[in-house]
Amino acid sequence: MKASLYILGFLVVLGIKNLFAEEAKPKFTLYGTAEYFESRFVKENQKSKTNALFNTQYKNWQAGIEKRGETPLGSLEFKNEFFYFSAGHRYKPISGFYILRDEKYYSAFQNPRLGVIPQPLKKSIWLGILPIKWSGGIFMGEGISEHKPSLYLKSPEDIFAYTYSPETKIHFFALNLRNYKTHPKSDGEFTISSQALGKRENYYGYMNFTAFFPKKGIEARISHYREDNGGLFVSNQDNLTGTNNEKAFNLKISRYHYDRLEAFKNISDKLEERVIGVNSSILQGSKGAICISGRAYQKIPVVIEDKNPILNTLALGISYEYRLKSTEFMLRFEKRKSQDELAELKWTVRPIPEWKMEISSLIQKDSNQFRSLYEQWSDGENINTILTDRAAAFKLKLVSDFLVFNVSGSRKKSGAGEIYFANIQFKQEF
């Protein structure tokens with residue numbers, strides 16, 4: 001304890017010295033978010049919530065005061081090339097969405113080029129060395145290490161981070177490698193994004209791997225996630241999967257976007273579901289392509305009770321698709337041999353360079369026997385595919401350098417209820 005006080009005192013003295021050693025202008029950021037969730041299953045006092053933050057940066061210091069709901073909170077951070085220290089509810093030395101996060105709130109501003117608002121955290125304190133290079137240190141935080149310090153390790157540029165708590169045996173891992181090339185002249189580039197939190201026998205997280213070869217027009221994507229008690233898909237309170245314990249694996253390989261193969265497997269407590277599909281263009285030009293697709297659906301009960309437990313069906317789909325750089329559009333209809341039917345829409349566009357809009361929608365018959373594939377955002381940036389039996393689902397996301405807006409809605413089968421969700425966030429730097 002005395003050693004920690006000595007180190008903290010040294011940091012304060014060093015920080016005060018730096019304040020007077022250089023000339024610099026402080027940077028101020030005002031941030032706010034408002035959220036609304038409408039469902040017959042939610043209490044009136046849980047439908048809406050707000051968060052406001054005033055943040056200031058000056059040389060090696062950063063401080064913030066905020067209000068989450070009715071609770072006032074404060075945070076402080078000091079960082080130079082030798083030492084790192086933070087305390088409060090907002091700052092940490094490592095990247096990662098899930099570590100010590102406040103489950104009721106999230107920050108959608110996570111693009112380094114457009115400006116980052118740190119994720120809301122539970123109460124924590126961090127102390128480390130060499131934060132710019134390979135860095136290590138200790139921390140204590142609510143729910144992970146309240147009596148004994150945890151350990152952390154991070155790489156330069158926040159590519160890799162790892163923490164471990166001897167007190168609760170909880171691990172955290174994050175890997176973020178963007179547009180990596182094995183050789184400067186190589187045609188291919190790779191992106192890996194992965195996070196996991198929990199104990200070895202009980203954790204949740206995801207892994208997304210993308211390989212892109214522009215000259216050959218080939219793109220491959222592998223994703224895997226493990227859901228646990230609703231902890232993974234935090235940017236929307238609506239649980240479209242209908243369960244809180246699922247594992248999924250998704251593989252998609254495409255050539256010039258329109259010709260692609262896909263495979264999806266989902267395992268829950270009661271059921272294993274598989275989808276295998278192929279998509280191919282039959283008419284293609286500068287205005288897009290008319291495509292046909294075929295899929296095979298299969299579901300197998302984990303606990304076999306019937307004589308013929310495996311259910312299968314085949315499906316035929318037709319779609320109009322268009323893709324050029326960051327603009328993507330798809331309108332698709334599918335009919336299955338089991339008489340299941342669905343329609344889906346996807347549209348991504350950048351109306352101006354710093355703005356991006358994404359729309360995704362799914363409509364299917366109440367009597368469908370097989371669940372359908374649907375894209376679900378995980379941490380506000382990464383997208384993972386899920387299976388849902390919702391009769392209808394809709395998402396709209398608008399992103400800019402100062403505004404992020406999410407709105408979504410869904411309807412359960414057989415009129416069992418409708419759910420609506422909206423979240424708006426803004427930031428202003430001055």
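Predicted model: local features only at pLDDT ≥ 70, side-chain atom pairs only at ≥ 80, totals over all residues.
Residues are numbered from 1 along each chain as its sequence is written, and side-chain values use heavy atoms, with hydrogens and water left out.

F233 is buried, because its relative accessible area is 11% (buried means under 20%, exposed over 50%, partly exposed in between, with a 1.4 Å probe and protein chains only). Leaving aside residues up to four places away in sequence, F233 touches Y225, E227, Q376, W377, S378, N384 and I386, a contact being heavy atoms within 4.5 Å. The C-alpha atoms of F233 and W126, which lie 107 residues apart along the chain, are separated by 26 Å.

E246 has its place in the loop between β15 and β16 as well. With a relative accessibility of 2%, E246 counts as buried. Its side chain is joined to that of R371 by a polar contact of 3.1 Å (a pair of N or O atoms within 3.5 Å; within protein, one must be able to donate a hydrogen and the other to accept it, and residues adjacent in sequence count only if both atoms are side-chain atoms). Beyond four places in sequence, the residues that E246 touches include Y225, E227, N266 and R371.

Turning to the strands, β21 and β22 (residues 341-349) pair in the antiparallel sense over eight bridges, where pairing requires that DSSP finds at least two bridges between two strands. M330 stands opposite K346 in β22. The two strands β21 and β22 form a hairpin with four residues between them, and Q339 in the turn has a positive phi of about 75°. On to the next pair: β22 and β23 (residues 356-364) are also antiparallel, over eight bridges, with L342 opposite Q364 in β23. Here the hairpin from β22 to β23 runs through six residues.

One further residue deserves a mention: I292, found in strand β19, is partly exposed because its relative accessibility is 39%.
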